[in-house]
Amino acid sequence: MVESIGTKRTVWLFATAVLVLVTMWMIFEWVPTERNLGVVQRALYVHVPLAWISMVAVGVVAAASLMYLITGKRRWDSIALASAETGVLAGTLMLVTGAIWAKPIWNVWWTWDAKLTTTAILWFFYVAYLMLRAFAPPGNQAYRMAAVVAVLGAVDVPIVYYAADLWRTAHPELIIGPAADSSGLTSEMGLTLLVSVVAFTSLYIYMLVDRYRVRQSELEISDLKREMRNYLYAPSTSDVPATAQSLRAAAAEPIGD
Amino acid sequence: MKISLGPVWAVAKKDLLLEVRNREIVVSILVFSGLVFIIFNFAIELTRVNRDTVGPGVLWVAFIFAAILGLNRSFIIEKDGNALEGMMLSPIGRDTILVGKTLGNLLFMLAALVVLFPVFTALFNVNVLKPEIIVIAALATVGLATTGTMFAALSVNTRAREIMLPVLFLPIAVPILIAAVEGTAQITQGGNWSEAAEWLQILAAFDIVFVIAALLTFQFLLED
């Protein structure tokens with residue numbers, strides 16, 4: 001069982017690595033340079049997939065958190081945590097690649113356009129979500145608090161976007177907008193973007209599953225530690241939990257494989 | 001989820017009585033907001049040219065920062081001496097306690113605004129004592145009190161709670177800040193109801209969404 005999961009993960013990782021390499025080749029060798037924007041437009045093929053992953057990650061956090069509140073199952077919380085961490089990483093990279101792309105094209109690193117403003121607020125919100133998880137008291141209360149916060153954040157996103165959009169239009173435009181949008185993509189550019197999105201999504205899934213499994217192991221270890229403590233301070237041997245007994249048996253065996 | 005008005009009012013009345021006796025929260029909000037006014041006056045000099053456009057930003061930023069202090073305070077006093085646990089032992093739901101706390105916080109914020117508005121008008125010579133702005137303020141305060149109480153109840157149980165509240169609360173409250181500042185600015189620049197309408201809609205939508213969200217999630221916030 002464990003071995004088959006391990007093999008699947010290795011295959012997935014290998015496939016992702018090949019996909020990412022193909023994507024890199026397509027971005028830097030194969031795809032033609034955009035006429036108006038120049039070489040820097042190639043940032044699109046990294047920036048858009050990262051934005052896509054961040055969006056998916058936010059959706060997964062919200063859905064998993066809602067499921068945690070409904071079912072109370074710990075694995076939903078682990079999925080939310082794994083997705084939030086991956087999402088914050090993707091979001092950070094998206095902001096960085098966006099700024100690199102914006103500087104030569106818009107002549108500024110940043111502009112307070114509705115999409116950018118909403119993204120920035122969302123990024124801060126998910127950093128706060130991870131901070132809350134770090135600062136919360138241990139145990140179920142922390143999961144519940146995090147889940148409530150994630151759901152509230154998801155509810156807030158459309159309102160933030162609507163307000164930021166209205167706020168932006170209430171002010172004069174400071175810079176010239178993007179000279180060419182995705183509508184001006186050739187078929188080669190479209191294909192490169194598609195392959196890149198698939199590669200990054202595959203990478204996201206790998207990281208999500210990996211983080212989820214690490215999280216589950218962490219929880220398992222803390223459960224075992226608690227049982228060990230119970231075992232150590234148990235008033236009589238009849239109170240020793242079954243897992244602790246099997247642990248003791250396992251500890252007596254020599255360490256193989 | 002069953003919330004009756006009697007216990008809600010009892011919780012709010014307890015907070016009001018405490019506040020009448022020691023005046024901690026409202027006075028803190030007022031003093032801090034006043035100081036932020038003074039500091040903003042140095043940071044961005046409000047002149048006859050810019051005060052109608054920049055003034056509302058100063059007013060609302062000062063108020064929201066001060067409100068965070070008040071919200072933190074309202075739950076720290078519950079933590080001290082395990083008052084919160086006492087309330088949780090009483091035969092009322094957790095959501096009832098939090099609805100009562102929200103009501104108390106709402107009244108404290110409104111009380112602070114009643115003093116802040118005339119003070120702001122006098123200090124910066126921007127008249128914010130207009131019916132349109134008062135409606136904006138009322139709607140904004142409902143949203144701030146609701147979301148603020150939720151996050152204060154959460155953060156009081158964490159380490160570094162003074163950091164957690166603003167870090168969680170400010171991103172969520174961004175629509176309120178935008179709508180309150182822009183709506184107020186429309187009025188101070190000589191607009192009327194029609195110019196402020198879309199901002200009032202955002203505030204109303206935020207209030208409706210988060211009052212419902214609060215009633216659904218309050219039960220999850222206090223358990224331990």
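Asn107(A) sits in the loop that joins helix 3 and helix 4 of chain A. The model is predicted. Chain B contains 8 helices and 0 strands, and 26 of its residues are in contact with 27 residues of chain A.

**Loop residues with positive phi**

- Asn107(A) is not a glycine, yet its phi is positive, at about 75 degrees.
- Asn107(A) counts as exposed because it has 10 C-beta neighbours inside 10 Å, and the cut-off for exposed is 12 or fewer.
- Ala160(B) also has a positive phi, of about 55 degrees, although it is not a glycine.
- The loop that holds Ala160(B) lies between helix 6 (131-155) and helix 7 of chain B.
- Ala160(B) has 13 C-beta neighbours inside 10 Å and therefore counts as partly exposed.

**Overall form of chain B**

- Read from the N terminus, the elements of chain B are α-α-α-α-α-α-α-α.
- Chain B has a radius of gyration of 18 Å, close to the 17 Å that the globule rule gives for 224 residues, so chain B is as compact as a globular protein of that length.
- Along the principal axes, the C-alpha atoms of chain B fill a box of roughly 55 × 30 × 30 Å.
- Buried residues make up 48% of the 224 residues of chain B.
- Among contacts in chain B with a separation of 6 or more, 82% are between residues 24 or more positions apart.

**Interface between chain B and chain A**

- The contact between the chains involves 26 residues of chain B and 27 residues of chain A.
- On the chain B side, the elements that give two or more residues are helix 7 (161-188) and helix 8 (193-221).
- Helix 7 of chain B gives the most to this side, with 10 residues.
- By class, the chain B side that touches chain A has 18 nonpolar, 3 polar and 5 charged residues.

**Helix 2 and helix 5 of chain B**

- The axes of helix 2 (residues 24-43) and helix 5 (residues 94-124) of chain B come within 9 Å and cross at roughly 30 degrees.
- That angle makes helix 2 of chain B roughly parallel to helix 5 of chain B, because angles under 35 degrees count as roughly parallel.
- The crossing of helix 2 and helix 5 of chain B is right-handed.
- Helix 2 of chain B contributes residues including Ile25(B), Ile29(B), Gly34(B) and Phe37(B), while those from helix 5 of chain B include Phe108(B), Ala112(B), Val115(B) and Leu123(B).
- This contact has 13 nonpolar, 2 polar and no charged residues.

**Helix 3 and helix 4 of chain A**

- Helix 3 (residues 74-106) and helix 4 (residues 114-135) of chain A pack with axes 10 Å apart, at an angle of about 140 degrees.
- Their crossing is left-handed.
- Residues of helix 3 of chain A in this contact include Leu81(A), Glu85(A) and Gly91(A), and those of helix 4 of chain A include Trp123(A), Tyr126(A) and Arg133(A).
- The contact divides into 9 nonpolar, 3 polar and 2 charged residues.

**Glu78(B)**

- Glu78(B) is part of helix 3 (residues 51-79) of chain B.
- Glu78(B) has 22 C-beta neighbours inside 10 Å and so counts as buried.
- Apart from neighbours within four places in sequence, Glu78(B) is in contact with Ala83(B) and Leu84(B).
- Val156(B) is 78 residues from Glu78(B) in sequence, and their C-alpha atoms are 9.3 Å apart in space.

Methods: Residues numbered from 1 in each chain as written. Chains lettered and ligands numbered in written order. Predicted model: local features only at pLDDT ≥ 70, side-chain atom pairs only at ≥ 80, totals over all residues. Helix = DSSP H or I, 4+ residues; strand = E, 2+ residues; numbered from the N terminus. Rg over C-alpha atoms; globule rule 2.2 N^0.38 Å. Buried ≥ 20, exposed ≤ 12 C-beta atoms within 10 Å, placed from the backbone. Contact = placed C-beta atoms within 7 Å. Nonpolar A, V, L, I, M, F, W, Y, C, P; charged D, E, K, R; others polar. Axes fitted to C-alpha atoms, helices over the stretch in contact; angles between N-to-C directions. Parallel < 35°, antiparallel > 145°, perpendicular 65-115°, else oblique. Left-handed = near helix turned anticlockwise from the far one by under 90°.
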